[in-house]
Amino acid sequence: MRSAKAAAPNTILRNLPSVDELLRSQSAREIIDAAGEQYLAALARKAIEILRQEIGKDAANDRSKESLLADAEDRLKSLWQAEIKTEIKKVINATGVVIHTNLGRAPLSDNARRAIADEASGYCTLEYNLETGKRGKRGGRAERMLAELTGAESVLVVNNCAAAAFFVLTVFASGGEVVISRGELVEIGGDFRVPDVLSQSGAALREVGTTNRTKLADYEKAVGVHTRMILRVHPSNYKIVGFTAMPTVAELSALAKKHKILLYEDIGSGALFDLSEFGLADEPVVSRSIEAGADVVSFSGDKLLGGPQSGIIVGRLDLIEKLRKHPLYRALRVDKLGLAALEATLEAYRRDSATSEIPVTRMLSMTESEIAERVVRFGKKLDEATGKNGNLQIEIVDGLSAVGGGAAPATQLKTKLLALSHRRMPAERLEHLLRSSDPPVIARIVDGRVMIDLRTVLEDDEAEIAASIQCLGK
Ligand SMILES: *Cc1c(COP(=O)(O)O)cnc(C)c1O
């Protein structure tokens with residue numbers, strides 16, 4: 001039989017399906033509508049190539065045409081599955097991290113979703129005035145509402161807060177100096193590092209004070225003929241505690257006015273109202289900074305505000321108008337879907353129903369006992385349904401949710417968690433099964449158990465997450 005060794009691969013290779021044969025198979029016919037002819041043909045070539053290489057390693061096996069075609073179909077199906085797994089798809093966030101940047105930050109309110117789907121996604125009044133039948137102002141309504149809600153003279157909306165900071169620094173500080181405390185030279189997730197943004201914008205950094213303490217006198221000493229601006233950055237994802245000092249916005253504003261320079265505050269998380277009753281005492285409120293005299297303030301639309309990705313710049317009329325007329329605005333402006341969702345989100349603030357309508361504020365405002373009630377109700381339903389699945393153990397335990405999104409890093413919200421464990425499967429396997437369900441459920445593992453935090457699970461998704469849990473390890 002050894003003599004067959006050299007001939008075997010050739011026989012097998014001759015039995016491999018051709019691309020055309022594979023494309024005529026049942027599996028290919030199931031994929032073609034979604035993938036399209038050309039892309040499917042490319043996948044088929046790749047599937048056959050993969051199979052050819054596998055055979056090369058295992059040349060002694062004799063194989064029929066039929067079984068090789070079946071194998072090629074399998075490879076084709078897995079290539080297609082792997083491709084569609086990378087699409088943007090809905091997930092259920094059971095991590096308890098409310099503003100989860102990897103999972104798309106703020107989930108939009110029902111009204112914001114409707115505004116995108118029903119109003120903005122087709123032709124719409126983005127830059128059209130129905131009264132005059134002529135060109136209208138992009139973002140006008142969202143800007144008016146933001147002015148009302150923050151007390152600012154004027155507002156401009158751009159793509160995100162990083163764009164806002166870069167824009168403000170470029171337009172008002174390029175070629176000059178920006179004074180900033182050493183305690184605020186922070187990195188805010190990924191690629192946003194304050195010193196790098198400053199240098200990209202063409203402004204020179206003049207750092208003052210120390211990491212934990214910076215005094216008004218430190219700023220005063222640093223202000224010179226080249227100074228254009230005092231920059232204050234909310235450290236967001238990091239907190240200095242203990243022996244600390246920072247001048248107030250009002251003190252810095254007075255200093256800026258005295259020297260005829262600007263005070264710009266990058267707030268980041270952007271609470272539109274005081275969230276201290278929900279345990280977020282350190283989050284700056286936009287209107288307070290405006291009231292205290294900041295000339296320009298920027299913040300994200302998809303952090304504590306709970307809207308779409310956007311960067312909001314509020315402040316003095318003359319400054320905002322200068323930004324609006326700057327050629328960079330065209331490159332940084334927000335799109336129609338974002339503007340429509342932002343308008344709808346702001347309407348909820350205007351009618352004072354943010355805590356009930358906007359998911360982020362609703363989730364942050366849930367008390368431990370509200371969550372406990374919900375978890376007990378949900379747990380009972382699960383118990384009834386999983387009664388037959390004796391392998392699965394479900395327990396309610398104390399835990400903590402997080403604000404996330406680089407906001408309130410020191411704040412942890414008390415919650416009740418569903419702790420799942422399985423008699424025959426490790427937690428990693430359970431977690432993976434939940435992640436593979438449809439829609440995927442994203443959970444975390446603590447002490448060998450999978451934890452489900454209902455704080456971040458939208459009420460409408462409860463049935464789906466229950467179905468996924470019921471299926472575990474049956
Ligand atoms: C989050 C944050 C940013 C970046 O905002 P994006 O909207 O993610 O671009 C900038 N500055 C501060 C202070 C932040 O907290």
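User: Which side chains count as positive and which as negative here?

Analyst: Lys and Arg count as positive, Asp and Glu as negative. On that basis this predicted model has 64 positive and 65 negative side chains, and the centres of the two sets lie 3 Å apart.

User: What makes D295 and R316 a salt bridge?

Analyst: The cut-off is a Lys or Arg nitrogen within 4 Å of a carboxyl oxygen of Asp or Glu. D295 and R316 meet at 3.2 Å, N to O, so the pair qualifies. The two residues are 21 apart: D295 sits in the loop between α12 and β10, R316 in the loop between β11 and α13.

User: Why is D295 called buried?

Analyst: Buried means under 20% relative accessible area. D295 has 6%, so D295 is buried.

User: What puts the buried residues of α13 on the same side?

Analyst: The buried residues of α13 are L319, I320, L323 and R324. They cover an arc of only 140 degrees around the axis, which puts them on the same side of α13. An α-helix has 3.6 residues a turn, so residues three or four places apart point the same way.

User: How many salt bridges does the whole structure hold?

Analyst: The search finds 33. E127, R135, R138 and R333 are linked in a network of salt bridges.

How values were computed
Residues are numbered from 1 along each chain as its sequence is written. This is a predicted model: local features need pLDDT of at least 70, side-chain atom pairs count only at pLDDT 80 or more; totals for chains, interfaces and linings use all residues. Side-chain values use heavy atoms; hydrogens and water are left out. The place of a charge is taken as NZ of Lys, CZ of Arg, CG of Asp or CD of Glu. Buried means under 20% relative accessible area, exposed over 50%, partly exposed in between (1.4 Å probe, protein chains only). Helices (H or I, at least four residues) and strands (E, at least two) are DSSP runs, numbered from the N terminus. The arc is that of the directions from the helix axis to the C-beta atoms. A salt bridge is a side-chain nitrogen of Lys or Arg within 4 Å of a carboxyl oxygen of Asp or Glu.
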